[in-house]
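Here's a quick tour to read with the model open beside you. Take it topic by topic and click along.

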Amino acid sequence: MNKVVFPENKEKAEQMAAYMKNLFPFAGVTAPERAVLEKELLKASKKLPFMELFDLINFYYDKSEREYQYLAIDLATVNVKRFSFEEVLCFKPFVIDKAWWDSVDSWRKFFGLWGFYHLEEMPQLFEAFFGETDFWHRRIAINLQLLYKEKTNTVLLKKAIIYDKTTDEFFIQKAIGWSLRQYSKTDPLWVKTLIETTELSRLAVREGSKYLPKP
């Protein structure tokens with residue numbers, strides 16, 4: 001299986017790094033270009049035993065350029081259906097490794113998909129992130145069910161929101177607003193009631209009420 005090596009484009013790399021506040025170096029490969037370059041590896045990865053796949057993901061995640069972290073997360077995501085609960089938890093430490101909103105939200109999609117495919121075990125997955133010391137883990141707890149619609153476990157959603165409602169962290173308050181806004185498409189009354197009966201930040205309320213009917 002051939003390894004993926006992203007070609008460097010200095011001009012694009014500088015632009016992409018600047019967009020991410022120069023927290024990480026980039027090779028300068030756009031998402032469409034990356035999709036083409038990693039296509040064969042993603043396909044081949046589906047035949048790998050778990051430990052070989054995990055080692056491959058770790059190999060790419062450890063590289064300097066940000067595109068390799070994206071590739072590593074893509075490798076995990078295209079294989080998400082076949083992981084056991086114990087296996088999926090092996091990826092939890094990656095969330096706070098080279099963490100920023102781009103990688104954390106991609107990991108949230110990965111964990112969220114696993115939870116959606118395993119709804120009976122989803123509460124256990126939620127608890128693995130809920131109340132954690134690192135706020136990036138808690139952001140995943142808040143946004144874990146972002147795309148669950150009518151299958152959203154509102155008890156867990158409310159639990160995550162209440163736990164962090166006074167946390168003075170932009171990415172937490174943004175996550176609360178994001179989850180409320182998304183779920184308001186499914187159950188606007190539930191969201192409206194929560195906002196009216198819970199002391200939330202102005203940011204969370206503003207974001208969460210965007211799709212609610214105006215009085």
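Axes here are lines fitted to C-alpha atoms, for helices over the stretch in contact, and angles run from 0 to 180 degrees between N-to-C directions. Helices (H or I, at least four residues) and strands (E, at least two) are DSSP runs, numbered from the N terminus. This is a predicted model, where local features need pLDDT of at least 70, side-chain atom pairs count only at pLDDT 80 or more, and totals for chains, interfaces and linings use all residues. Residues are numbered from 1 along each chain as its sequence is written, and side-chain values use heavy atoms, with hydrogens and water left out.

**Helix 2 against helix 4**

- Two packed helices are described by the angle between their axes and the distance between the axes.
- For helix 2 and helix 4 (residues 66-78), the angle is about 40° and the axes sit 10 Å apart.
- That makes helix 2 and helix 4 oblique to each other; angles under 35 degrees count as roughly parallel, over 145 as roughly antiparallel, 65 to 115 as roughly perpendicular and the rest as oblique.
- Helix 2 and helix 4 cross in a right-handed way. A crossing is right-handed if the near helix is turned clockwise from the far one by less than a right angle, and left-handed if anticlockwise.
- On the helix 2 side, Arg34, Glu38, Leu41, Leu42 and Ser45 meet Glu67, Tyr70, Leu71, Asp74, Leu75 and Val78 of helix 4, where contact means heavy atoms within 4.5 Å.
- Sorted by class, the contact of helix 2 with helix 4 has six nonpolar, one polar and four charged residues. Ala, Val, Leu, Ile, Met, Phe, Trp, Tyr, Cys and Pro count as nonpolar, Asp, Glu, Lys and Arg as charged, and the others, Gly among them, as polar.

**Helix 9 against helix 10**

- Helix 9 (residues 154-163) packs on helix 10 (residues 170-183) at about 155°, with the axes 10 Å apart.
- So helix 9 runs roughly antiparallel to helix 10.
- The crossing of helix 9 and helix 10 is left-handed.

- Glu38 is part of helix 2 (residues 31-45), and at 3% relative accessibility it counts as buried. Buried means under 20% relative accessible area, exposed over 50%, and partly exposed in between (1.4 Å probe, protein chains only).
- Leaving out residues up to four places away in sequence, Glu38 touches Val4, Phe6, Leu71 and Asp74.
- Asp102 sits in helix 6 (residues 101-117) and is buried too, at 7% relative accessibility.
- Which side chain does the side chain of Asp102 make a polar contact with? The partner is the side chain of Arg66, at 2.8 Å. A polar contact is a pair of N or O atoms within 3.5 Å; within protein, one must be able to donate a hydrogen and the other to accept it, and residues adjacent in sequence count only if both atoms are side-chain atoms.
- With residues up to four places away in sequence set aside, Asp102 touches Met20, Arg66 and Tyr70.

**Positive phi in lysines**

- Lys21, in the loop between helix 1 (10-19) and helix 2, has a phi near 60°, a positive value in a residue other than glycine.
- Lys21 counts as exposed, at 60% relative accessibility.
- Lys98 also isn't a glycine, yet its phi is positive at about 55°.
- Look for Lys98 in the loop between helix 5 (85-89) and helix 6; at 24% relative accessibility, Lys98 counts as partly exposed.

- Val95 lies in the loop between helix 5 and helix 6 and is buried, at 0% relative accessibility.
- Beyond its neighbours within four places in sequence, Val95 contacts Val104, Trp107, Phe111, Phe129, Trp136, His137 and Ile140.
- Leu212, in the segment after helix 12 (202-208), is buried at 11% relative accessibility.
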